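Reader: I would like to go through this model with you, one topic at a time. Shall we begin once it is on the screen?

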Amino acid sequence: MRLSPHMAVMQNAAQKAARRLLRDFTEVEQLQVSIKGPGDFVSQADMRAETTIREELARARPGYAFLMEETGASGGDNWTWRWIVDPLDGTTNFLHGIPHWAISIGLQRRLPDGSVELAAGIVYNPAANEMFWAEKGTGAFLNERRLRVSGRRNMHEALFATGIPFAKVPSSQRLPFARVLGALMPQVAGIRRFGAAALDLAWVAAGRYDGYWEFGIKPWDCAAGLLIVREAGGYATDPDGKELQDLDDNVNVVAGNPQLHGPLRAIVHEALNRP
């Protein structure tokens, strides 16, 4: 397929970073790892990938701002275009030799009225050579195949994904998560926790999951995936039903197909707001 200039830049940057990540993945036991916090690791591979992506994107679009997982925000506050990058989503999987991790690149645009929208996004899983991508108004794709969310309507047939709280997650998020889990488990076909939020959202877009929820994730975890879900015909909002565009520091996400997003969102909303 012929890609737009933005999409060609994004996919090329991800594929260049992926080549080194795949080499590192085959020698994961040799990686030198520093600990950012309990259960949250950053490797030399992670940092190298971010540097590669930043260099490629900056070379192609020198005036764009950045929000990156490891090095934070740069480029000023009055940006018109901004890249949001996670160079290695699923770092813990990567470091344990589990081939479920991804590169996520989102692109935000500030409109003349000052509002912000998600304009483009990719989620690339190098281990499976799966490139999920979308641009606003043009649909979502997996490699060259058009994506659509699932058509399931019944909760008892549904498969949902989530991120289970771990050591560094604040205790305030654990009880709401437990409430959602307790409400959903008796109603659904299954709940999965695979450890990469960007891929969870991409898999909702591909119809592999019927929905996904998670509390307190970062913009770089979800920017690309939110757009991909929407362009595949699904919904991606916060628990109040507000569409997520101008992402803040900690994001509560509910995504799903049109039939099941509402029931899932209602359960998540109730769990967060129960006294």
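Predicted model: local features only at pLDDT ≥ 70, side-chain atom pairs only at ≥ 80, totals over all residues.

Reader: How many bridges join strand 9 to strand 10?

Author: There are 2 bridges between strand 9 and strand 10, and the two strands run antiparallel.

Reader: Moving on to domains, what does the assignment give?

Author: The assignment gives domain 1 as 5–146 and domain 2 as 155–273. Their centres, taken over C-alpha atoms, are separated by 20 Å. In the contact, domain 1 contributes 39 residues and domain 2 contributes 29 residues.

Reader: And how much area do domain 1 and domain 2 bury between them?

Author: About 2600 Å² is buried between domain 1 and domain 2, with 64% of it on carbon and sulfur atoms. On the domain 1 side, the residues that lose the most area to domain 2 are H100, L118 and F132, which together account for 25% of what that side buries.

Reader: What polar links are counted there?

Author: Between domain 1 and domain 2 the count is 9 residue pairs in polar contact, both residues being at pLDDT 80 or more. The count of salt bridges between the two domains is 1.

Reader: Which element gives the largest share of the side of domain 1 that touches domain 2?

Author: Strand 7 does, with 9 residues. Elements giving two or more residues to that side include strand 5 (81–89), strand 6 (102–110) and strand 7 (116–125). By residue class, the side of domain 1 that touches domain 2 divides into 19 nonpolar, 12 polar and 8 charged.

Reader: Back to salt bridges: how many does the structure hold?

Author: The structure holds 10 salt bridges. One of them joins the side chains of R208 and E130, at 2.9 Å from N to O. Another joins R20 to D24, whose closest N and O atoms are 3.5 Å apart.

Reader: Where do R20 and D24 lie?

Author: Both are in helix 1 (residues 5–26), 4 residues apart, which is about one turn of the helix.

Methods. Residues numbered from 1 in each chain as written. Heavy atoms only, no water. Domains from an automatic or database assignment. Contact = heavy atoms within 4.5 Å. Buried area = accessible area lost by both parts, 1.4 Å probe. Salt bridge = Lys/Arg side-chain N within 4 Å of Asp/Glu carboxyl O. Polar contact = N/O pair within 3.5 Å; in protein donor to acceptor, adjacent residues only side chain to side chain. Nonpolar A, V, L, I, M, F, W, Y, C, P; charged D, E, K, R; others polar. Pairing = 2+ DSSP bridges.
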